[in-house]
Amino acid sequence: MKYLLIFFLPCFILLGQQQVSTCHVPMPNRYKVQPGSKQKKTSSSYLGMKRIPAGSFMMGSHDNQGRADEYPLHPVQLKGFYMDESEVTNADFAKFVQATGYVTTAEKAIDWVEMSKQLPAGTPKPADSLLSPSSLVFVPTTGPVNLNDYSQWWEFRRGADWKHPQGPGSSIQGKDNHPVVHVSYDDALAYANWAGKRLPTEAEWEWASRGGLKNERYPWGSASVNVAPFKANSFQGNFPQEDLALDGYKSTTAPVKSFQPNGYGLYDMAGNVWEWCADWYRSDYYKQSPRLNPHGPSKSYDPDEPQVPKRVMRGGSFLCNDSYCASYRNAARMKSSPDSGLQHTGFRCVKD
Ligand SMILES: [Ca+2]
């Protein structure tokens with residue numbers, strides 16, 4: 001934890017300035033605040049869930065389009081389970097908050113007293129304004145930018161949270177059926193526990209995404225994401241400056257179920273919002289993954305940011321684009337620290 005906090009400290013200093021993220025490189029990370037309200041489990045049902053059959057498949061990238069962490073292709077065998085047919089919506093999340101009083105990570109100020117206990121003695125406290133509640137919001141650029149400089153299109157905005165996706169002045173009014181965003185892994189886990197469900201393992205997520213198809217690149221098969229009829233909410237045009245929104249949704253979420261489901265009846269497994277999975281992330285996990293019901297490594301390791309423990313995210317978002325991210329592929333992996341939330345990050349749950 002000490003190293004984790006040391007790593008995070010520069011982030012605090014930069015709060016209020018532009019911060020970083022992308023769907024291609026490591027997500028930004030936020031200091032881990034104290035756990036929120038106690039959640040009481042509700043009685044759960046399978047309403048709105050689809051049965052995902054038991055089976056075996058080859059997990060990972062089947063072609064040369066994958067990133068390094070998608071190899072080697074390896075066999076996986078899974079038990080059957082149920083999965084939410086859509087991403088958890090604002091209306092769903094509102095019920096949870098109303099029932100529990102839960103406060104999300106993005107809505108909490110950073111606890112300096114707690115944080116300072118684990119930092120080197122004498123570390124100066126940042127200004128209070130830099131510790132205020134905030135989250136990351138996408139801001140399109142006015143022209144071409146270096147795609148390796150993700151701070152060009154992400155802004156750490158005070159007051160941005162699940163009820164204010166673009167920050168103060170924005171709202172989710174009329175967006176009950178949009179996926180909830182700005183939720184951290186911790187938030188997603190709290191919701192899942194309350195709902196009597198759990199987050200999917202990474203293997204479960206990929207198996208479900210494939211929808212019964214074998215060795216295909218996308219949940220719908222092999223057709224390009226950019227060819228009408230559109231298969232997912234992604235980003236058309238020159239990322240990150242000009243989203244042509246040919247799919248009808250310009251750099252924002254679409255209502256869940258706006259596109260055709262995959263073979264298992266699951267909507268938006270590609271695009272719309274990133275979805276948290278239960279597993280810790282390791283870039284080399286596929287070299288050691290057990291064949292039967294893998295649950296991820298015991299410890300996280302991301303060579304891009306080895307100090308930061310991270311959880312897996314899957315499915316890509318409305319910002320994914322063939323020229324930059326392409327994470328609407330079944331095999332594409334992403335990772336972020338459990339206390340991070342962004343404008344393009346949500347989740348769905350599973351149940352045994
Ligand atoms: Ca779109």
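Reader: Start with the open sheet of three strands. What is the strand order?
Author: The order is S1-S4-S13, and the pairing is antiparallel. Strands are DSSP runs of E with at least two residues, helices are runs of H or I with at least four, and both are numbered from the N terminus. Two strands pair if DSSP finds at least two bridges between them.

Reader: Which are the edge strands there?
Author: Strand S1 (49–52) and strand S13 (350–351). Each pairs on one side only.

Reader: And how many bridges join S1 to S4?
Author: Four, with S4 covering residues 81–84. Met49 sits opposite Asp84 of S4.

Reader: Before we go on, what kind of model is it, and how are residues numbered?
Author: It is a predicted model: local features need pLDDT of at least 70, side-chain atom pairs count only at pLDDT 80 or more, and totals for chains, interfaces and linings use all residues. Numbering starts from 1 along each chain as its sequence is written.

Reader: How many helices and strands does the protein chain have?
Author: Five helices and 13 strands.

Reader: Now the sheet of four strands. What's the order?
Author: S11-S10-S9-S12, an open sheet with mixed pairing. Strand S11 (333–336) and strand S12 (345–346) stand at the edges with a single partner strand each, so one side of each has no neighbour in the sheet.

Reader: Parallel or antiparallel for S9 and S12?
Author: Parallel, over two bridges. S9 and S10 pair in the antiparallel sense, over three bridges.

Reader: What stands opposite Glu275?
Author: Arg314 in S10, and Gly346 in S12. Trp276 stands opposite Met313 in S10.

Reader: And on the S11 side?
Author: S10 (residues 311–314) and S11 run antiparallel, joined by four bridges. Val312 has Lys335 of S11 as its bridge partner, and Met313 stands opposite Met334 in S11.

Reader: Are the faces of S10 covered or open?
Author: Both faces are covered. Arg311 and Met313 are buried on one side, Val312 and Arg314 on the other. Buried takes 20 or more other C-beta atoms within 10 Å of a residue's own; exposed is 12 or fewer, partly exposed is in between, and C-beta atoms are placed from the backbone.

Reader: How many residues of S9 are buried?
Author: Seven of its seven.

Reader: Switching to helices. How covered is H4?
Author: Mostly: nine of the 10 residues in helix H4 (residues 185–194) are buried. Among them are Tyr185, Asp186, Asp187 and Trp194.

Reader: What do those buried residues pack against?
Author: Helix H2 (90–100), S9 and S10. Gly196 follows H4, with a positive phi near 70 degrees.

Reader: What about the largest nonpolar core? How many residues?
Author: 73 residues. Such a core is a set of buried Ala, Val, Leu, Ile, Met, Phe, Trp, Tyr and Cys residues joined through C-beta atoms within 7 Å. Ala188, Tyr191, Leu199 and Ala208 have the most contacts inside it. H4 gives the most to this core, with seven residues.

Reader: Which residues is Tyr191 in contact with?
Author: Leaving aside neighbours within four places in sequence, Val88, Phe93 and Phe96. Contact means C-beta atoms, placed from the backbone, within 7 Å.

Note on methods: Contact = placed C-beta atoms within 7 Å.
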